[in-house]
Amino acid sequence: MRGPEPSAKITRPVISGAFPREKLFCSLDSMRDCPALWISGPAGAGKTTLIASYLSSRKIPHLWYQVDATDTDPASFFYYLGLAAGKCKGRRQSRKKPLPLFTAEYLGGLSAFTAGYFEDLCRRLKPPHILVFDNSQEAMESLPFQEIIAKAILLIPTGIQCILISRYEPPPRLVHLLANSKMESIGWEDIKFSLGESETFINAHRKKRI
């Protein structure tokens, strides 16, 4: 099966003219010390726009990864994540050796490989840094993918945060991260416009044809 185009998987979407969600931006600021953040809401809720515009507003170095069905295969996931790591800004230039590939010899030790991989990845990034996994629901039903994400969150050092964007709530296997303060969450009730934001948005466009 032909894989996705690398540039599409590892490039932050270009967002222009997004309504600035300053209240939500402040909430995201307050959660920066937490290892992981789960953003959930229905399709079209503005999840990706929120995070992309936040990163742009705060000028935070980041690695953007677009999750799809191919990421249920650990080999594919680690391959594309390695490409993303080599492309992202804010990495330590002294570490130019590519991240390892997940080959057949590691099939019986996914947890150990994940630990070594993310420890190496995080050493390459200059804090502060954010790892964004957009459309995580596309692979989150896969138990290996859940194992990788859970392990990664437990290993992320101070100054680096993992943001997972999904249409759904965290799966049961990741709920313990919320209970142990390893992950915060922002849901649809938080993302949707307040009355004040709606009024501001409409007033800003009154003179334009909507």
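A residue is called buried under 20% relative accessible area, exposed over 50%, and partly exposed in between, using a 1.4 Å probe and protein chains only. At 55% relative accessibility, S181 therefore counts as exposed.

This is a predicted model, in which local features need pLDDT of at least 70 and side-chain atom pairs count only at pLDDT 80 or more, while totals for chains, interfaces and linings use all residues. Residues are numbered from 1 along each chain as its sequence is written, and side-chain values use heavy atoms, with hydrogens and water left out.

## Overall build

The protein has nine helices and five strands. Both kinds of element are DSSP runs numbered from the N terminus: helices are H or I with at least four residues, strands are E with at least two. Along the sequence the order is α-α-β-α-β-α-α-β-α-β-α-β-α-α. The radius of gyration is 18 Å, close to the 17 Å that the globule rule gives for 210 residues, so the protein is as compact as a globular protein of that length. That radius is taken over C-alpha atoms, and the rule is 2.2 Å times the number of residues to the power 0.38.

The C-alpha atoms fill a box of roughly 60 × 35 × 35 Å, taken along the principal axes. Of the 210 residues, 42% count as buried. The protein exposes about 11,300 Å², and carbon and sulfur atoms supply 54% of that area. Accessible areas come from the Shrake-Rupley method with a 1.4 Å probe; for residues, only the protein chains shown count as cover.

Contacts are defined as heavy atoms within 4.5 Å. Among contacts with a separation of 6 or more, residues 24 or more positions apart account for 82%.

## Charges and salt bridges

There are 28 positive and 20 negative side chains, and the centres of the two sets lie 9 Å apart. Lys and Arg count as positive, Asp and Glu as negative; His and the chain ends are not counted. Each charge is placed at NZ of Lys, CZ of Arg, CG of Asp or CD of Glu.

A salt bridge here is a side-chain nitrogen of Lys or Arg within 4 Å of a carboxyl oxygen of Asp or Glu. By this rule the count comes to five.

D68 lies in the loop between β2 (62–66) and α4 (74–87), and K9 lies in helix α1 (residues 6–9), so the pair ties together parts that are 59 residues apart in sequence. Both D68 and K9 are buried.

R58 is partly exposed, with a relative accessible area of 28%. D29 is partly exposed too, at 31%.

D120 counts as buried at 14% relative accessibility. R124 counts as buried at 10%. Elsewhere, salt bridges that share partners join K9, D68 and D71 into one network.

## Backbone features

Most residues other than glycine have a negative phi, and most peptide bonds are trans. A cis peptide bond joins P127 and P128, with omega about 0°. P128 is placed in the loop between α5 and β3 (129–134).

N135 is not a glycine, but has a positive phi of about 55°. The loop between β3 and α6 (143–155) holds N135. With a relative accessible area of 23%, N135 is partly exposed.

S181, also not a glycine, has a positive phi of about 60°. Its place is in the loop between α7 (172–179) and β5 (183–186).

## P6 in helix α1

P6 is found in helix α1. At 32% relative accessibility, P6 counts as partly exposed. Leaving out residues up to four places away in sequence, P6 touches Y80 and L83. P6 and I191 are 185 residues apart in sequence and 29 Å apart in space, C-alpha to C-alpha.
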